[in-house]
Amino acid sequence: MQTVTDQIKSSMASSSWIRKMFEKGIELKKQFGEEAVCDFSLGNPDVPPPAKTRDVLMRIADGAVRPLGLGYCPNAGIAAVRETMAKMLSAQQKCAVEAKDVVMTVGAAGALVSFFRAVVSPGDEIVVPAPYFVEYGAYCGHFGGVLKSVPSIPPSFRPDIAALAAAVGPKTRAIIVNSPNNPTGAIYSAEDMAAIAAIVDAENARRAEAGGERAMFLVSDEPYRAFAYDGVEVPAVLPLSPWACVAGSFSKTLSLAGERVGYFLANPAMDGELVSAVTLTNRTLGYVNSPVIGQRLAAELAEETVDLAVYDRRRRLMAKVLSEAGIEFEMPQGAFYFFAKSPVEDDLEFVEALLKEKILVVTGKGFGFGGYVRLSCSVDESIISRSADGFKRAVAALARK
Ligand SMILES: Cc1ncc(COP(=O)(O)O)c(C=O)c1O
């Protein structure tokens, strides 16, 4: 008897490469011990939350034991939290936004799923520069949406503007961009972001002229916004297009990934219908509301981040380790990943060679871009140092083939 749908069955069979490496990691650690394995496969932020987190949590705990202390809250989020978010986002996005423009969600993931539920009809296309966060496909696929990926330009992985423009057609419902990028660490320049926004605006103008009614959106997925190194700026997206929206979260910036708190922000230039729709879908998808402890925590810590210097040190160390092994890569400007070039054409071969050295990385194919592997720096510096000889041996083994 069939228990699950064909669609989910096929998703289970092709299940994420990150997940596969996660399972492989558990197996290797069981076999050889934690110390023997260098696991660069996961993006679970390990730098502790800011020190203030404990005090804030204690205060939240003090207020919790009262009627409705931990009860349901308004579907769009706690009013005071939305106010705080509006202040923070106005400064960050260089555009005045109000609490009514923000919906608190279950992480950036919940923001994206709620957004897609609100706007995607079966057959709609979501254009995305590749490589990309692979869950986008499932998030829009739940509602019949299809990802249309457009290769970015290696080695810097800046988006290919002309190719993105060419990919947009009548079925396109959104372009989704992720900068700082997972998996490449690229930060899109202000010029590139403006050019992408111009594609969206031009298409909407063309549709309006043709008497069409379906808008197209620019969605900026920004969970890594704070992770920018060497003084590089992450451009604000809201001033670039009236059709711009932001999905963000505190998973990485405050290391609150397990607490599942994020937000959806729509440009106030839109009439408010989209925010109302996302409030509704956030509810009816069963999220109901963003976790209340996480919301309060995020609001109190909105101006803080984890110690980004730790990630920067790891980034420099990883660059040294990879360079010394003769592995090609572009120094990431942001986020905490490296997208390194496989020394052989098939990056799965490279993944296997590294596995023999008990080094876990994720194939670029898992991000819609073969020939590369992703390494996450959400691990201690000692693990990065320890991996150095293994990388060299893996490269040497492939060269002998
Ligand atoms: C690019 C990207 N978007 C969205 C998410 C989801 O983040 P959140 O934990 O805020 O739901 C992640 C998580 O790794 C990510 O890398």
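A residue counts as near a molecule if its C-beta atom, placed from the backbone, lies within 6 Å of that molecule. This is a predicted model, so local features need pLDDT of at least 70 and side-chain atom pairs count only at pLDDT 80 or more, while totals for chains, interfaces and linings use all residues. Numbering runs from 1 along each chain as its sequence is written.

**View 1. The shell around the ligand.** Here are the 13 residues around the ligand, of which Gly107, Ala108, Ala109, Ser249 and Ser251 come nearest. Helix α5 (residues 107-119) is the top contributor to the shell, giving three residues. Helices (H or I, at least four residues) and strands (E, at least two) are DSSP runs, numbered from the N terminus. By residue type, the shell has five nonpolar, seven polar and one charged; Ala, Val, Leu, Ile, Met, Phe, Trp, Tyr, Cys and Pro are the nonpolar ones, Asp, Glu, Lys and Arg the charged ones, and the others, Gly among them, are polar.

View 2. The 20 residues of α8 (residues 190-209) reach 28 Å from first C-alpha to last, close to the expected 28 Å (1.5 Å times one less than the number of residues). Buried in α8 are Asp192, Met193, Ile196, Ala197, Ile199, Val200 and Glu203. These cover an arc of only 140° around the axis, so they sit on the same side of α8; the arc is taken from the directions from the helix axis to the C-beta atoms. Over on the other side, Ala190, Glu191, Ala205, Ala208 and Glu209 are exposed. Buried means 20 or more other C-beta atoms within 10 Å of a residue's own, exposed means 12 or fewer, and partly exposed is in between, with C-beta atoms placed from the backbone.

**View 3. Two cis peptide bonds.** One joins proline 154 and proline 155, with omega about 5°, and proline 155 is in the loop between β4 (146-151) and α7. Another joins asparagine 182 and proline 183, with omega about 25°; proline 183 belongs to the loop between β5 and α8.

View 4. Most residues other than glycine have a negative phi. Lysine 94, in the loop between α4 (79-93) and β2 (102-105), has a positive phi near 50°. Lysine 94 counts as partly exposed, with 13 C-beta neighbours inside 10 Å. Serine 255 also has a positive phi, about 55°, and lies in the loop between β7 and β8 (262-266). With 21 other C-beta atoms within 10 Å, serine 255 is buried.
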